[in-house]
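Let's take a friendly walk through the charged pairs of this model. Have the structure open as you read.

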Amino acid sequence: MPTRRGPAAPTWDLARARWDVGDTATIDAALPLWEPGRMSDGYITAEEAAAILGVRRSTIYAYVSRKGVRSQQVEGTRQHRYWRADVEALRPRGQRGALRPAKTATNVTLVSEHGLFYRGRDALELAETASFEEVAGLLWQARPAIFSRGAPRSSPLFGKLDALLQAEAGVDRALAHFPFLEHANPHCYDLSPAGMAATGVDIVRWLTAIILNSGTASDAPIHLQFQRSLNLSPELADLVRRLLVLAADHGVTEETRAVRTMASTGVTPWRAVAAGLAIAVGRHSRFGQNDSLRRFVAELITTDNPEAVVVRSLKEGQNVPGFGDPKHPNGDPRAAALLDYGNRALYNHPAFLRLRSAIELAWESSGKRPNFALVSTFVEEVVGLQSRRNFVGLSSSEAPYLVGRSAGWVAHCIEEVTTSSSPPPSAQYRGTLPAAHG
């Protein structure tokens, strides 16, 4: 049978994917448990392909030569597997790209009372030394050199469109630019795992450029782009790096469900990530409801009496913005990690000292710990992103958080497209997890 060589199936090699981040121990307990025989790399069996198209297996064999369906021989056998995207492309037009319920299970990230794990790696430990690019590659299960690609192309309309949008927020400008940037980088139509990972590189670089008003995408490390654009100290630049790493993914959230649903229709990651951005700043999303938190943090870090800001909320019978998280009743370990870094590196920074004073009072008064949204918003303010413009409206965020989260959304695009129709097991991890973070 003629065989048209398909794209190589990516493999997860934990040893290779350590990203040289120090003496981090292997967390075997957090490795994803794949079911035997699960075709999770983008290829499907002849039986599955025949079922999708409603034809006989012999017809699938013929489609390799007649219709260019790519196949891969199963090692040690005479059987072949077939590239799912090629098979899906042969479905009748009315059956392609139908919306299906987004999966609520994922092997990208494990969120538990024991912490946050990216592909079996402790996210807090990664935040200590790993670059955002290394963590993105880990989430995408991509080759280590994925970010060695050159800077992505710009759209012919970018300059004119950006000039018209200069008064708008970063998210709104990104939503306007993304369709044209997609067209300018046609390799994005390769929906293989490697192809989507390459598109992910383009997306995070362009989203950074748009948020920073750079005018062009750069291949420099993302946190260094923030440092150069905002003239940050090394300590604040490293704070941004840690935030990017810890924001990269948080399981299947409302925005992630939208991203996965879009990806399931066959659109490129550009459009799927755009859906995530749109939902993230929506009225009913947790991130979109953070305008009051931004006002709270902006006042908190500029006043001479930060305790008074907290007391005012308490007197009015309101919850103090940025404290408490039902998903993390004992405190979000991501917030704790960023605050711990602040205690070590920003102990003389006036804004951080005010934030810490407010956190201590809020804890004494309400017994609630700061959440990740509070610390993320503090980073936006202290690096000067929010003070550069006076935005009004729900899309008022220029947050590095969104750049970080876009990496996770691309990982979910890859998983959604390449996994079989039945969802992966939810949080099935081998062994006993390590003790919870204090």
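Is Arg242 buried or exposed? Arg242 is buried, with a relative accessible area of 6%; here buried means under 20% relative accessible area, exposed means over 50%, and partly exposed lies in between (1.4 Å probe, protein chains only).

Before going on, a word on the basis: this is a predicted model, in which local features need pLDDT of at least 70 and side-chain atom pairs count only at pLDDT 80 or more, while totals for chains, interfaces and linings use all residues. Residues are numbered from 1 along each chain as its sequence is written, and side-chain values use heavy atoms, with hydrogens and water left out.

Arg242 has a salt-bridge partner in Asp238, at 2.9 Å from N to O. A salt bridge here is a side-chain nitrogen of Lys or Arg within 4 Å of a carboxyl oxygen of Asp or Glu. The two residues are 4 apart in helix H10 (residues 234–247), so about one helical turn separates Asp238 and Arg242. Helices are DSSP runs (H or I, at least four residues), numbered from the N terminus.

Across the whole structure, a search finds 16 salt bridges. In one of them, Arg271 and Glu182 bring their closest N and O atoms to 2.9 Å. Arg271 sits in helix H12 (residues 269–280) and Glu182 in helix H7 (residues 170–184), so this pair ties together parts 89 residues apart in sequence. Glu182 is buried at 2% relative accessible area, whereas Arg271 is partly exposed at 35%.

Another salt bridge joins Arg294 and Glu380 (3.3 Å, N to O). Arg294 belongs to helix H13 (residues 291–300) and Glu380 to helix H17 (residues 372–382), 86 residues apart. Both Arg294 and Glu380 are buried.
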